[in-house]
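The report below describes a structure chain by chain, and then turns to the places where its parts meet.

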Amino acid sequence: MVKYRPDDEVDFVIVGSGAAGGVVAKELSTAGFRVVVLEQGPWRTEKDFIHDEIKAFDGLLTNKWDVSPNTFRKTEKETAKKQPCVLYGRGVGGTSVHFSANYWRFREIDFKEASMKGTIAGTGFTDWPITYQDLEPYYAKVDWEVGVAGAPGPYDPPRSRPYPMPPHPPKSMGVLLEKGARKMGWKPFPAPMAIASKPYNSRAQCVQCGFCIGFGCEVGAKSSSLVTVIPVAVATGKCEVRPSSYVRKIETNDRGRVTGVKYFDGNKTEIFQRAKAVVVCANGAETPRLLLNSKSNLFPNGLANSSGVVGKHLMFNGAGNSVGVFEHEVNGYKGIVATRIVWDLYELDKTLGLVGGGGFDYRFDVTPIGFPGSYLPPKSPTWGKAFKRLVAHNYNRTVVCYGHTSSLPVPTNSISLDPTLKDDWGVPAIRMTFQDHPQDLKLYKYFAERGEEMLKASGAVQAWQQPVESAQFSVHLLGTCRMGNDPKSSVVDKYNRAHDVKNLFIVDGSSLVTCGRGQPTMTIQALAFRAGDNIARFAKQHDI
Amino acid sequence: MTDLSRRQFIAAAGTGVASVWFTANAADVLAAARHAASAQPFEVLSPADAADLEAFTAQIVPTDETPGAREARVVYFMDRALATFAKDNRPNVEKGLKELRARARKAQRGATSFAALSNDKQIAVVASMERDKHPFFDDTRQATIAGMLAMPEYGGNYNKIGWKWIGFDDRFSWAAPFGWYDRDA
């Protein structure tokens, strides 16, 4: 791999190597630019990925709250308390290493829902400055260059290319979902998954080990940035990926241009890497934190924050879940998380008085230790012989109906800097302020109810709804540096360039104006391919 | 915390799955796995502590027609955890065991240990701790589940007894039919 000296002014520094950063690195390095990717975590390989739940619970692959704590509050009136509330992958490949790889595209409506359905008072619900059609060629790039398995469904938005790989086998959970959905009058179809269903681009086919969510893929079948775009970027000889590099500040000069970034290496030594331009791909929590921590005389409210909306409009997506128990063994633990989905409630009948919509899958998203504490029926025994019998009976017969939904961008839901708490490097910590919008809580409940009905239609002998409550924790970190045409109400323009700083680009979940129906990574990566394309074009035209 | 779903996956680590037992860093967890690979007598627990803890775990997952926490050697999992990644939890365990013995004495005058109580009295004592929401109850209950179901390298789940309990097969490679309903595909 090429190595650059910190005082060598490279063309681009990319902060973060995850779903977005990996794609941008690939696009810019294959276009011939000299790129340094700074990743705060280590560079792991497949041999590091094991099925050890204790290590996974302990943050083997994820951010570490003991050295990098969060604080949380529901409203701006409260003083935030120290509490883990943000989870993301820490390491080359980012969260794409341990995610479950649901790769739903957004649909046309997601880009223009506010104008089609009406805005909502007290929210920042608005249209995107781009349309589905603008993004479609880049969705196709994700399908092919990252690797998505699937088959066209009845509600698919138009696609220019077919899926490169066939869908995964339905498993018993998919069979049950199809049965229940059809009884409900719905049209289920194969789940698009970024997991190789056949050998693909020199990668192995999925062995259906069942340890996707929370775990790295030991055979390289999961289409993470680690095994897809990062190797392509490195192979150009133009891209250096520098792990254990934690960026604390983006530096600017007195002309308001970015000059590089200050970061800590693995020994906590501070290093300044010079760059002609910076692309921030640090995720919807760390990206606004970095911008807010990059204050200067010219940018007193944080970098790229003349609008004041950096960190605002935080969205998680919602969830309305139900659980069912079936007569025979389903064995949900075997194989990928979801195989079939339902999109019939993507948009809802106006008479329901609900905003947004969603989709369903059937899944079994816990590994053994997590099961007894999460998916037993309400009021079950928690110890003793009856508990033992119940766990033994239910483990292989339990199915979770996950209702993935939209959620509204509320300006007071935000990532900001905690006024007192700092991390182990002395950098102000993430403070989250979040309360689900009342309209959203109604929506989640609606999905939990319909999910329970579908489980019963599938033949569940017992089904119940999981409680719906306002979230205090998320892995979907979206909307905090939103895209828009108006510099007064958005952070980046439709090419992911910061309105305020010509040579600063922001590309990750923070760019999203709305959050779709629950599966954002496909759209984050399509945006990253599009941004990479445009950034390369601007650079070639000396327009950066 | 009842939902270990995507959104709250790892809040499980902080608040759901045996909260106080799993708050250390990954290096300590690695040490635990290495440690467990070399079977040893108890490192942290005294014989009396181990006996009471084991009796408690055996009430959470009792032995009946099939093996339970005792046979799965869950107490060894706990000892190794307390020696490594859960070392910060030692004072809580000590306090909890003290309370457990105090309640054992109440249940049977002169009793010096929980383990020596009759089965019925043990159940009554555990039930009283559950009713009073004593933190030792839930912490130890969750650690028992973890000791049943964690990889055997951590000292519990002996002979994969825990995995056999729930019907989890650690083959890590599957093809159709995955379950009974695949026949309707």
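Predicted model: local features only at pLDDT ≥ 70, side-chain atom pairs only at ≥ 80, totals over all residues.

Chain B has 185 residues, of which 50% count as buried. Among the contacts in chain B that join residues at least 6 apart in sequence, 62% are between residues at least 24 apart.

B:Ala146 is found in helix H7 of chain B, which covers residues 135–149. Because 30 other C-beta atoms lie within 10 Å, B:Ala146 is buried. Between B:Ala146 and B:Asn159, which are 13 residues apart along the chain, the C-alpha atoms are separated by 15 Å.

Chain A is divided into two parts by the domain assignment: domain 1 takes in residues 1–48, 87–99, 104–147, 224–311 and 478–544, while domain 2 takes in residues 165–212, 318–405 and 435–470. The C-alpha centres of domain 1 of chain A and domain 2 of chain A lie 32 Å apart. Their contact takes 11 residues from domain 1 of chain A and 17 residues from domain 2 of chain A, and by class the side of domain 1 that touches domain 2 has five nonpolar, four polar and two charged residues.

The largest nonpolar core has 214 residues, and those with the most contacts inside this core are A:Val15, A:Val24, A:Val278 and A:Val279. Helix H10 of chain A, residues 521–540, contributes the largest share of this core, nine residues, and the core draws at least three residues from each of domain 1 and domain 2 of chain A. Leaving aside its neighbours within four places in sequence, A:Val278 is in contact with A:Val13, A:Val15, A:Ile250, A:Val258, A:Val261 and A:Leu504. In soluble globular proteins, nonpolar side chains tend to be buried together.

Two sheets of chain A can be described in turn. In one of them, six strands form an open sheet in the order S5-S11-S12-S13-S10-S16 of chain A, with antiparallel pairing. The edge strands of this sheet are S5 (189–190) and S16 (462–465) of chain A, each of which pairs on one side only. The other is an open sheet of four strands of chain A, ordered S4-S3-S15-S14, in which the pairing is mixed; here the edge strands are S4 (81–82) and S14 (414–422) of chain A, each again pairing on one side only.

| Strand pair (chain A) | Bridges joining the strands | Bridge partners |
|---|---|---|
| S3 (70–73) and S4 | two bridges | A:Phe72 and A:Lys81 |
| S14 and S15 (428–433) | five bridges | A:Leu417 and A:Ile430 |
| S11 (340–342) and S12 (358–363) | two bridges | A:Ile341 and A:Asp361 |

The hairpin of S14(A) and S15(A) has five residues between the strands, and in this hairpin A:Gly426 takes a positive phi near 85°.

Where do the two chains meet, and how many residues of each are in contact? 61 residues of chain A are in contact with 53 residues of chain B. On the side of chain A that touches chain B, at least two residues are supplied by each of helix H2 (53–57), helix H5 (171–183), S10 and H8 of chain A, and H8(A) gives the most, with five residues. By class, the residues of the side of chain A that touches chain B divide into 29 nonpolar, 20 polar and 12 charged.

Definitions and conventions: Residues numbered from 1 in each chain as written. Chains lettered and ligands numbered in written order. Domains from an automatic or database assignment. Contact = placed C-beta atoms within 7 Å. Nonpolar A, V, L, I, M, F, W, Y, C, P; charged D, E, K, R; others polar. Core = buried A, V, L, I, M, F, W, Y, C linked by C-beta atoms within 7 Å. Buried ≥ 20, exposed ≤ 12 C-beta atoms within 10 Å, placed from the backbone. Pairing = 2+ DSSP bridges.
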